[in-house]
Amino acid sequence: MVNKYGSHCVSVKEWYKHRKDLLYEREHDKAVTAQVTEFFYPGRPSAIKEHTYMSVSPYSPETERTMLFYEDVRVDGLLKRVEKPLQLTEHYQNRPDRLFFRNVTFGRRAKSFAPQRDQEFQTHRAKIIVEKYGRNPEVKADEDIAELIFHLAEERILVTYHRDENRIAPSYREFTKSGLTDDKTSEPILGPEHVASFQVDHTAPQPKHLVLYETYLSLLQRETASVKTIRAIEEEVEMFLNLRAKEEGNPVLEVSHYDTERNEDIKKQRRELTEKIVEDLELFDAMSSLVK
């Protein structure tokens, strides 16, 4: 498509058929955003539906890109993933844990002379992880987590609970890691000075320290699981980009099962069948000569 003066191209749209990578359409906005959007049929391992990226860096990590997924295929309920150089945002639906939003802020990569195979030096260091959860009507609002913020760099965890419909504000708690562990149990230590709380219902009894400690341990486990998930996401994106680079470098067409001239699998099966027939005939001739 060209502009109204016919002086230069403003957008390009391409359509494809029979591609093995399931790409069927590509749009390139040359005039405004310089973005490219690829559209895929269902069937890819990642269940990706659309992939939008900057044309100058199509398959480079740590660049702006947006991915949309076939929501009924992903077992984790992922709908959308938006990446920026130091930020990652994901949207989910229909998850058992009611997670519907995750945002990660990364720190810049530290320069290192470690081997590239060392994954610790190949992934970002997440600084802040924000997770949001839908309301569970079976749990009291001030016990039902609405938002978790893991301040990894500052070693703090902020928990905000859902707001009761009769209240104007939600309850929240903030835990600060002490960095200390018990000498006998090796469990982390949590003192009263490491917890800050706001409870909307001032008439309700304050939670005992044991309850707060158990909550703290649970949050530490969730933090560890979230960090592990972020690393898995980075690996998934890297694998996808590497695969797309290979697919675009050498596009492969799907060949019909009935096209015996171009279908390599069929040709191979036909050769093997022919060889098997020849072997059987030779064996038959050998046995016949022995009988005579």
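Contact means heavy atoms within 4.5 Å. The structure is a predicted model, in which local features need pLDDT of at least 70 and side-chain atom pairs count only at pLDDT 80 or more, while totals for chains, interfaces and linings use all residues. Residues are numbered from 1 along each chain as its sequence is written, and side-chain values use heavy atoms, with hydrogens and water left out.

Figure 1. Strands (E, at least two residues) and helices (H or I, at least four) are DSSP runs, numbered from the N terminus. Ser57 touches Thr63 and Arg65, residues up to four places away in sequence not being counted. With a relative accessible area of 13%, Ser57 is buried; buried means under 20%, exposed over 50%, and partly exposed in between (1.4 Å probe, protein chains only).

**Figure 2. The largest pocket, with a volume of about 540 Å³.** A pocket is an open set of points on a 1 Å grid over the protein atoms alone, where a 1.4 Å probe fits, with protein on both sides within 12 Å along at least five of seven lines; lining residues have an atom within 4 Å of a point. Grid points are joined across faces, edges and corners, and the volume is the space filled by probe spheres set on the points. The lining comprises 26 residues, of which Lys140, Asp142, Glu143, Arg173 and Gln199 lie nearest the pocket centre. Two or more lining residues come from each of β12 (172-176), β13 (195-198) and α1 (209-249). By class, the lining holds 12 nonpolar, 6 polar and 8 charged residues; Ala, Val, Leu, Ile, Met, Phe, Trp, Tyr, Cys and Pro count as nonpolar, Asp, Glu, Lys and Arg as charged, and the others, Gly among them, as polar.

**Figure 3. The salt bridge between Glu27 and Lys13.** A salt bridge is a side-chain nitrogen of Lys or Arg within 4 Å of a carboxyl oxygen of Asp or Glu. The closest N and O atoms of Glu27 and Lys13 are 3.3 Å apart. This pair links distant parts of the chain, Glu27 in β2 (residues 23-29) and Lys13 in β1 (residues 11-15), 14 residues apart. Glu27 is partly exposed at 28% relative accessible area, and Lys13 is partly exposed at 42%.

**Figure 4. The salt bridge between Glu90 and Arg81.** The N to O distance is 2.7 Å. Both Glu90 and Arg81 are buried.
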